[in-house]
Amino acid sequence: MLTTSFEQNLAGAIEIARSAPSSHNCQPWAVHYSPLSRTGYLAIDRHRALKGLPSLENEMLMSCGIFFQHIETLMRNAGTPLQWTWFDESHTTPTLPQKQDGLICFSPGEKQAANPDAYHDLAKQIHHRHTNRMPYETTKLSALQQFRLQEMFADSPVQLNIWQDQTSCKQVADLVYQYAALDFADKAAWQETYSFIRFDKNKPVEDGFYLHHLFGKIPAYVEWLFRVAFHPKLNLFTRFLRLPQFMAHEFSKLTGQGPQYLALSLPDPNPHNLFITGMKLARVWLLLEQWGWGIHPLSVLVQHDLPKATLANTLGMTHLPIFFARFGQVKIAADVSPRRHLDSILTID
């Protein structure tokens with residue numbers, strides 16, 4: 001039972017923040033709050049976190065950073081700000097349930113004046129933000145827009161790079177064509193990915209994604225063919241027919257349309273910096289959404305060592321990317337993905 005304004009606002013913030021993006025829409029976060037000690041924590045829920053590739057740990061940390069950035073800002077606008085510190089640096093580090101890894105500890109800060117208008121606007125932006133994998137308009141960022149994005153990373157360990165030229169479009173498309181099949185070739189990674197595909201649109205789910213989130217509206221028979229042809233048990237047969245190469249070719253045609261790309265990189269990609277990167281990415285994503293723009297992460301280029309190094313070298317990056325995406329002005333609206341219920345994310349003593 002929620003008995004204080006802080007608890008009510010925390011639950012309300014998580015109800016909104018659960019729309020944060022995560023790889024395969026796995027939503028790997030867990031929050032706990034104790035009214036008695038007036039402390040709480042955010043943790044990675046290992047029951048939900050992806051583990052098919054070692055690099056997916058980076059994406060889990062960034063996703064939790066996005067999730068917390070939403071909560072932190074909403075709580076501040078509600079007039080009940082959070083004080084927080086890293087879990088491993090907290091003097092009151094709690095004992096966590098099995099399969100949870102603590103990230104931060106928090107407690108109520110000093111109450112302040114609420115800003116209902118800012119809260120409402122932010123909630124609306126978070127609700128309307130969706131990963132958009134559709135073709136974009138050819139509109140380019142203005143100099144002012146680029147400045148607005150770059151200034152978010154001032155005094156930050158995170159570096160933002162943006163490309164808008166046709167040469168980069170072709171280079172990225174070539175890299176996607178060359179490496180996109182790696183996800184299918186890695187049996188453990190593809191088995192995990194396949195487990196998050198929801199084929200029955202009439203069955204209630206709270207995570208994962210439907211094929212139309214990837215390809216747009218497709219005929220029922222195409223969906224059935226994909227379900228059978230790409231089943232992990234048919235991995236060798238699928239590769240023999242070169243279906244992954246066909247998918248990579250189609251994917252490269254989409255990504256080659258750009259019209260722009262962005263990368264986030266770190267000189268020191270430790271867990272704290274990756275979490276901070278997620279917090280920064282949350283702000284970037286919402287600002288782009290405010291402008292009517294969408295983001296399509298190209299995770300295949302940062303989840304494997306060879307394409308990641310090749311991408312950095314090809315585009316002249318100083319550090320290896322930990323996030324890479326195409327982005328642009330939305331032409332076709334994206335569909336809403338399933339979301340976990342509040343009660344499966346937040347526990348209160």
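**Entry 1: the loop with Pro 259**

Before looking anything up, I note that helices (H or I, at least four residues) and strands (E, at least two) are DSSP runs, numbered from the N terminus. I also note that the model I am reading is predicted. With those names in hand, I looked up Pro 259 and found it in the loop between H11 and strand E6 (260–265). The peptide bond that leads from Gly 258 to Pro 259 is cis, and its omega is near 5°.

**Entry 2: Thr 139**

I then turned to Thr 139, which sits in the loop between helix H3 (116–128) and helix H4 (143–151). Which residue lies 190 residues from Thr 139 in sequence but 6.4 Å from it in space? I looked up the pair and found Gln 329, the distance being taken from C-alpha to C-alpha. The side chains of Thr 139 and Gln 329 also make a polar contact, at 2.5 Å. Thr 139 counts as partly exposed, because its relative accessibility is 33%.

**Entry 3: Arg 339**

Next I looked up Arg 339, whose place is in the loop between strand E8 (321–329) and strand E9 (346–348). Arg 339 is buried and yet has no salt bridge, and the nearest side chain of opposite charge, that of Asp 207, is 9.1 Å away. What does the side chain of Arg 339 reach at 3.0 Å? I found the backbone oxygen of Ser 19 there, and I also noted a polar contact of 2.3 Å between the side chains of Arg 339 and Asn 25. Not counting residues up to four places away in sequence, Arg 339 touches a set of residues that includes Arg 18, Gln 27, Arg 129 and Glu 206.

**Entry 4: salt bridges**

I kept one general point in mind while reading the charged residues, namely that side chains of opposite charge can pair when their charged atoms come close. How many salt bridges does the structure hold? I read 11, and I followed some of them up.

In one of them the side chains of Arg 46 and Asp 101 meet, at 2.8 Å from N to O. Arg 46 lies in the loop between strand E2 (39–45) and H2 while Asp 101 lies in strand E4 (residues 100–108), so this pair ties together parts that are 55 residues apart in sequence. Arg 46 counts as partly exposed because its relative accessibility is 23%, and Asp 101 is partly exposed too, with a relative accessible area of 35%.

In another, the side chains of Arg 48 and Glu 206 meet at 3.8 Å, N to O. Arg 48 is in the loop between E2 and H2, and Glu 206 is in the loop between helix H7 (187–195) and helix H8 (211–215), so the pair ties together parts 158 residues apart in sequence. Is Arg 48 buried or exposed? It counts as buried, because its relative accessibility is 15%, and the cut-off for that word is under 20%; Glu 206, at 23%, counts as partly exposed. I also see Arg 48 and Glu 206 linked with Arg 198 and Asp 207 in a network of salt bridges.

The last one I followed joins Lys 253 and Glu 250, whose closest N and O atoms are 3.4 Å apart. Both residues lie in helix H11 (residues 243–255), three residues apart, which is about one turn of the helix. Lys 253 is partly exposed at 44% relative accessible area, as is Glu 250 at 34%.

**Entry 5: the second largest pocket**

I looked up the second largest pocket, which holds about 350 Å³ of space. Its lining is made of 16 residues, and those nearest the centre are Leu 122, Gln 125, Arg 283, Leu 286 and Gln 290. The elements that give two or more residues to this lining are helix H2 (56–77), H3, H4 and helix H12 (271–290). Which of them gives the largest share? I found that H12 does, with five residues.

**Entry 6: positive phi values**

Finally I checked two backbone angles. Lys 99, in the loop between strand E3 (82–86) and E4, has a phi near 70°, a positive value in a residue other than glycine. Asp 155, in the loop between H4 and strand E5 (159–163), is not a glycine either, and its phi is positive at about 55°. Lys 99 counts as partly exposed at 46% relative accessibility, whereas Asp 155 counts as exposed at 86%.

How values were computed:
Residues are numbered from 1 along each chain as its sequence is written. This is a predicted model: local features need pLDDT of at least 70, side-chain atom pairs count only at pLDDT 80 or more; totals for chains, interfaces and linings use all residues. Side-chain values use heavy atoms; hydrogens and water are left out. Buried means under 20% relative accessible area, exposed over 50%, partly exposed in between (1.4 Å probe, protein chains only). Lys and Arg count as positive and Asp and Glu as negative; His and the chain ends are not counted. A salt bridge is a side-chain nitrogen of Lys or Arg within 4 Å of a carboxyl oxygen of Asp or Glu. A polar contact is a pair of N or O atoms within 3.5 Å; within protein, one must be able to donate a hydrogen and the other to accept it, and residues adjacent in sequence count only if both atoms are side-chain atoms. Contact means heavy atoms within 4.5 Å. On a 1 Å grid over the protein atoms alone, a cavity is a set of points where a 1.4 Å probe fits but cannot get out, and a pocket is an open set with protein on both sides within 12 Å along at least five of seven lines; lining residues have an atom within 4 Å of a point. Grid points are joined across faces, edges and corners, and a volume is the space filled by probe spheres set on the points.
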